[in-house]
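This report goes through the structure shown below.

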2 protein chains.
Amino acid sequence: MPRFKARVLVRLRPSVLDPAGEAARSAALRLGVDGVQSLRIGKAVDVQLEAPDESEARRRLEQLSDRLLANPVIEDWTLEMLNS
Amino acid sequence: MPRFKARVLVRLRPSVLDPAGEAARSAALRLGVDGVQSLRIGKAVDVQLEAPDESEARRRLEQLSDRLLANPVIEDWTLEMLNS
């Protein structure tokens, strides 16, 4: 069965505060790295999945992202297929 | 001053166990999502940064990634410039 590689990027919605990102931005200043205007920390989930075809792989990955990887109340996700 | 957008992907090194990813993989099975061979959870850090030019922006982002965003003992990082 073909194996598909994908990356799911999970990000906090723009309206949601990101204290960890804000802390990293302050730390950047103390470290002497100037000019950081915005820094937000999300998740990058690398998945390898076996499925009969790409559309079925995509369907399963969307289900996974919706129900397991992201919290839809505060997060958005995007799916990138890396090869086929 | 021009503003640059970048994404830093921070991943656990291949030799490092990822218990959270493994738990998500098991949960996928229980959820009825079949065929997940591997699932590893990393960080996706979205940064907006002002710098005089792209090479300086890149230099600062590399410094940030090396010293703040990734733990070099267990993690690798890659930098993607998203526009210029």
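## How the chains meet

Two residues are in contact when heavy atoms of theirs lie within 4.5 Å. By that rule, 33 residues of chain B are in contact with 33 residues of chain A. The model is a predicted one.

The size of an interface is often given as the accessible area lost when the parts come together. Here chain B and chain A bury about 2900 Å² between them, and 58% of this area is on carbon and sulfur atoms. Of the area that chain B buries against chain A, 17% is supplied by Leu31(B), Gln37(B) and Asp46(B).

## Symmetry

Two copies of a chain are related by a rotation about an axis and a shift along it.

Strands of a sheet pair through backbone hydrogen bonds, either parallel or antiparallel. In this model six strands form an open sheet with antiparallel pairing, in the order E3(A)-E1(A)-E2(A)-E2(B)-E1(B)-E3(B). Strand E3 (75-81) of chain A and strand E3 (75-81) of chain B stand at the edges. Each has a single partner strand, so one side of each is left without a neighbour in the sheet. From one strand to the next, the twist averages 25°.

Within chain B, strand E1 (residues 3-12) runs antiparallel to E3(B) and is joined to it by seven bridges. On these strands, Arg11(B) stands opposite Asp76(B) in E3(B).

## A serine in helix H2

Helix H2 of chain B covers residues 54-69 and includes Ser65(B). Is Ser65(B) buried or exposed? Its relative accessibility is 0%, so Ser65(B) counts as buried, the cut-off being under 20%.

A polar atom of the Ser65(B) side chain lies 2.7 Å from the backbone oxygen of Leu61(B). Leaving aside residues up to four places away in sequence, Ser65(B) touches Val8(B), Ala70(B) and Trp77(B).

Technical notes:
Residues numbered from 1 in each chain as written. Chains lettered and ligands numbered in written order. Predicted model: local features only at pLDDT ≥ 70, side-chain atom pairs only at ≥ 80, totals over all residues. Heavy atoms only, no water. Pairing = 2+ DSSP bridges. Helix = DSSP H or I, 4+ residues; strand = E, 2+ residues; numbered from the N terminus. Axes fitted to C-alpha atoms, helices over the stretch in contact; angles between N-to-C directions. Buried < 20%, exposed > 50% of the residue type's maximum accessible area, 1.4 Å probe, protein only. Polar contact = N/O pair within 3.5 Å; in protein donor to acceptor, adjacent residues only side chain to side chain. Buried area = accessible area lost by both parts, 1.4 Å probe.
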